[in-house]
Amino acid sequence: MKIDGSLTLNGTLERAWQVMLDPGSLSRCIPGCEQLEVVGDHKYRATLKVGVAAVKGTYEAMVELTEIEKPRHYKLVVEGSGGPGFVKSSVSIDLEDRGPRTEVVYSVDAQVGGIVAAVGQRMLSGVAKLLFNEFFKGVNRELESAPPA
Amino acid sequence: MSNTGEKWVGKSVRRFEDLRLITGRGAFINDLTPVANMHHAAVLRSPHAHARIKGIDCREALKLPGVFGVLTGDDVKKMAKPFQVGVSRPPKYYPLAVDKARYFGEPVAVVVAVDRYVAEDALDLIKVDYEPLPAVVDVEKALEPGAPILHDELGDNVAVHRNLVYGDVAAAFAAADLTVKARFSFPKYGSTPMETYGVIAQWDPHAGMMTVWSNFHGPFILHPLVATMLQIPENKLRFIVPGDIGGGFGIKTSIYPYIALIALAAKKLGCAVKWIEDRQEHLSAGSSGTDRISYIEAAVKRDGTILGLKTKIIDNVGGYIRAPEPADLFRTTGNYLGAYTIGAVDIDAWAVHTNKSPTGPNRGYGCQQLYFTLERTVDLIAEKLGMDPSEVRFKNLIRPEQFPYLTPTGGLYDSGDYPEALRKALAMAKYEELRREQEKARAAGKLFGIGMVTAVDPSVSNMGYVTVAIEKAIRQSPSYLPKSGALETATLTMDPLGRVSISTNHCPQGQGHETVVAQIVADELGIRPDEVNVITEFDTATRVWSIASGSYSSRFASVGASAIAGVARQAKEKIMKIAGFLLKVDPERLELRNGMAVCLDDPSKTVSLKRVAGTAHWNPLSLPEDIGPGISATYTFSFPTAKMPDEEDHINSSQTYGFIADVMAVEIDPETGKVKIVKYVSVHDVGNILNPMIVEGQVVGSAMHGIGGALYEEMAYDDDGQYLAGTFADYLCPTAMEAVKMEIGHVISPSPVTALGSKGAGESCSMTAPAVIGNAVADALKPLGALVDQLPLTPDRVWRLINRKGASA
């Protein structure tokens, strides 16, 4: 499954970069994130509770940030599994300076397997888009709630 | 009271089952609580199409209050042997993944708990360490060098390969004026019975007895298979089947791995275990028919005569070839050339392992794949020769004077008048008028198509046909044990008050056997059907049965009815002897009617069956010594023609052969690609009809089944083996809204080989509907030059054909 999109964040490039690499912010922004534990350099163990239609469940996931090119690009790699199935996804994120705002261009390549894919196939890409919107909404919330000093 | 006893066979006697069923009083597997302290199982299944299982951690699950225990592949490996299957290189097939999972939904562990809720919750707490492996779902890719290999010990993905050659194929092609070549793809679909699989297992460690209640419907050849797998003597494995099963259609044959699985859980944990499959489980890992790739080349004369065929058929048997596969390849051996006088054929038959779910019998078993290929090809021949499709068929149909007809592959067609049936179908469809209507529709820019199919409808499988899968060299070795036979047994008793009970081995799933059995017995014994007690609950411990017993291959109306008539005739013989003795007349001069034995020469001389039975039970010593006490009989009907395959692979794979002629008209919406069936005529020859209402139900139901496979249903996978049709939102079953009004006709050629002249009628249009839809849609799209070579013909696929987005969509 491939999803591409772009949107604008309400903060400067520098602030957006900060928020999107900060474990505390990430744990608040990632939809359904119940726990985010640092296990290495830009490497986290996460517990995610996500549902697609009737298939809800908890995933244990490894989250890693790679290809970090401060402050414009990184790749978010998530590999998780749980009762409803498994997810392998990599999200390429590019940030563009737009003065007081920042433009984000993202490109997702995700493989979803297990029950969630067997019963929710028609809804998967819709749900994935929804989850991304949730994530960036969260980033905006972070940017707005903690204005630059 | 009339003097002429009423006859019941041949009438639309209303089904005795229905009052019970429509008032919710059926006794299905999930209604049973046969033992105390039942625990409940839930099955953990692989989310991967192909993965090594590096470890299973059940500690957290076992801590959950209410959990009784867990069964994993390690237990199964220790407790049981792999299932046997009739191929020369069997894979190791267990009911639970051992070391490796090979399809999405394969059982990986079983949790047993106080109730299903706790068991399901515990599944989430089991941690399985999977190492995902590359998967392959396409049979032709699975045969390529470098493809992921499912069973390392086999070295490749070939489950079976046999090349069967009958007649002089080279001469047929040398004599041909032209050849027609095509490749067809048939999809994977099932039956989705309303009731899913259900198993209750109880292990008695003191007696060493495993008792299993389940909605298994045979063939009971799978009973010795499960006993061997469980490593217990066969008389210590007791199968009990409730009297009501909520649909089967062959699919419930393949419950047997789950019977073994729940039995192993009961044995390991020492408690009775119940498991009822849910719909997601059924859709993803129950069973299905096989998807098949077929290559066909026909040698044809310019006048339309088909001289010979070269075919290659590749069945997708999923992760494990399991019994009764590879029967899908070989069930049709005897009728492989359909209704035609084709003289030679080369069958290159393959079954291939892929990372899809394992397969098994599904109504029509092997015939829908065969006839989609053969009948599409007949239409392609007609197109190439510029002939009408009916003309090519009339040219090649077996003629009535040729019966009994021995096919080049060994089938012995018992009776039929195929041209008459096709003529009748064309007349009912008003074929010429329909063609004129088509011309008008085409002139108006509409997509209107007419299709037809003529097909032989086989019933009663020969237990020997599956051995065609075994290479001749092995079959000829002295240690090889050949297989043959097509038989059924029934037992009848007359109680001291003169009423009849009869037990049969068919495990009915809604077909109305109780009614038809009662009709047959009533006629033989001169009583009313409602006076007959038909016992359909089945029990291997108390019933006289054999490996062929059960409900499959449309065998009830053929071998079943013959066993029932036979057992009633045996009982009748004794009744006549006693009555003759009581009336002091020659038993030969008696007949049974209206519950009495009546003297033909002096109708005032009568004795009631109650008095006859009373004498046999209460005062047997008053009878001559050669009569003996009681009235009961057990009778086995066995077809002498169900022989093992010969050295040239000839096999009479079925024992009675009916006939179907379908004519269909469709209209296609060019905007959406939606296919609308505007006419469906189906003419059948099932020999003598035992109950016309029930046959009509079978024809309509089987047509809906075939229409489902042709237009809606598909157990789809992505290229990585991820299953995509886990609910009825994605796996589309036709409902009442999609039902088609059919016009049904009959031609009757009584079978000379069954007791009542009847033949099987249960699979019926499930074999032909996919082919006739394929032909009708192809005819509709003919002006566009599109080739219809695969199913299902979903709107999306038809739209792409219309818009030429890829020749075969």
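The lining of the largest cavity is made up of 24 nonpolar residues, two polar ones and no charged ones. Here Ala, Val, Leu, Ile, Met, Phe, Trp, Tyr, Cys and Pro count as nonpolar, Asp, Glu, Lys and Arg as charged, and the others, Gly among them, as polar. Keep in mind that this is a predicted model, in which local features need pLDDT of at least 70 and side-chain atom pairs count only at pLDDT 80 or more, while totals for chains, interfaces and linings use all residues. Residues are numbered from 1 along each chain, chains are lettered from A in the order in which they are written, and side-chain values use heavy atoms, without hydrogens and water.

So what is a cavity? On a 1 Å grid over the protein atoms alone, it's a set of points where a 1.4 Å probe fits but cannot get out, and lining residues have an atom within 4 Å of a point. The whole structure has three cavities of 30 Å³ or more. The largest has a volume of about 590 Å³, which is the space filled by probe spheres set on the points. Of its 26 lining residues, the closest to the centre include Leu48(A), Val87(A) and Phe132(A). Helix 3 of chain A gives the largest share of this lining, seven residues. Helices (H or I, at least four residues) and strands (E, at least two) are DSSP runs, numbered from the N terminus.

Now for chain B, where four strands form an open sheet with the order 18-27-28-29 and mixed pairing. Two strands pair if DSSP finds at least two bridges between them. Here are the two edge strands, each pairing on one side only:

| Edge strand | Residues |
|---|---|
| Strand 18 of chain B | 447-461 |
| Strand 29 of chain B | 743-746 |

From one strand to the next, the twist averages 20°. Strand 28 (675-685) runs parallel to strand 29 of chain B, and four bridges join them. Val681(B) sits opposite Glu743(B) of strand 29. Helix 14 (431-443) of chain B lies across strands 18, 27 and 28, at about 140° to strand 18; angles run from 0 to 180 degrees between N-to-C directions, with axes fitted to C-alpha atoms, for helices over the stretch in contact.

Last stop: Pro187(B), in the loop between strand 8 (178-186) and strand 9 (198-204) of chain B. Pro187(B) counts as buried because its relative accessible area is 4%, and buried means under 20% (1.4 Å probe, protein chains only). Leaving aside neighbours within four places in sequence, its contacts (heavy atoms within 4.5 Å) include Thr290(B), Gly709(B) and Pro792(B).

Notes: Buried < 20%, exposed > 50% of the residue type's maximum accessible area, 1.4 Å probe, protein only. 1 Å grid on protein atoms, 1.4 Å probe; cavity = no way out; pocket = protein on both sides within 12 Å on 5 of 7 lines; lining within 4 Å.
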